[in-house]
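Look at the model below. We start with a strand pairing, widen the view to its sheet, and then turn to the helices.

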Amino acid sequence: MTAPVAQSMSKQDIIEYLRKVHISPTTQRVEMAHLLLSKPQHISAEEVYNLVNEEYSKASRATVYNNLHLFERAGLIKSLNISPVLTVYDTNTTPHFHFVDTETGRIRDIECDTDTMNKILETALQCEDLEQSKAQVTGLQLIFYGKE
Ligand SMILES: [Zn+2]
């Protein structure tokens, strides 16, 4: 199932989408998803937790983290491992790459045309190790690191 474009979702859209993917649209989940999807962003679970508790009634860390996992499984957001100690959630679920500024920590989307993306994927899939292992590849993340 293809997720709708997150940024254009109203609370009603979110309720309908959650129902469609068999997630109960509790008030807290709908508010959290709406807050999260209000703009394109890369945001850590801890930042989501702080944001939710600034805007709405208290939500426990466990609830926020569980909802993030549910939203990811439902295709509303994607997780992105920036480093071994930093995972962020991306509200842009369309295929794209990232650039991380190593001085500021800023994460920026790198949009790329489909042909170029497919060429990169095809090239990466030719790695001998990968071919020999007969691994079933389900995704590829490409993160550029540097200074802007
Ligand atoms: Zn992104």
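β2 and strand β3 (residues 86-90) pair in the antiparallel sense, over five bridges. Strands count as paired if DSSP finds at least two bridges between them. Helices (H or I, at least four residues) and strands (E, at least two) are DSSP runs, numbered from the N terminus. Within this pairing, serine 79 stands opposite tyrosine 89 in β3.

This is a predicted model: local features need pLDDT of at least 70, side-chain atom pairs count only at pLDDT 80 or more, and totals for chains, interfaces and linings use all residues. Residues are numbered from 1 along each chain as its sequence is written.

Now the sheet. It is open, with three strands in the order β1-β3-β2 and antiparallel pairing. β1 (42-44) and β2 (78-83) stand at the edges with a single partner strand each, so one side of each has no neighbour in the sheet. On average, neighbouring strands are turned by 40° against each other, direction ignored. Helix α3 (residues 45-55) packs on the sheet and touches β1 and β3.

Next, the helix pair. The axes of helix α1 (residues 11-20) and helix α2 (residues 27-36) come within 9 Å and cross at roughly 120°. Axes are lines fitted to C-alpha atoms, for helices over the stretch in contact; angles run from 0 to 180 degrees between N-to-C directions. α1 and α2 are therefore oblique to each other. Angles under 35 degrees count as roughly parallel, over 145 as roughly antiparallel, 65 to 115 as roughly perpendicular and the rest as oblique. Lys11, Ile14, Ile15 and Leu18 in α1 meet Arg29, Val30, Ala33 and His34 in α2 (contact: C-beta atoms, placed from the backbone, within 7 Å).

Notes:
Contact = placed C-beta atoms within 7 Å.
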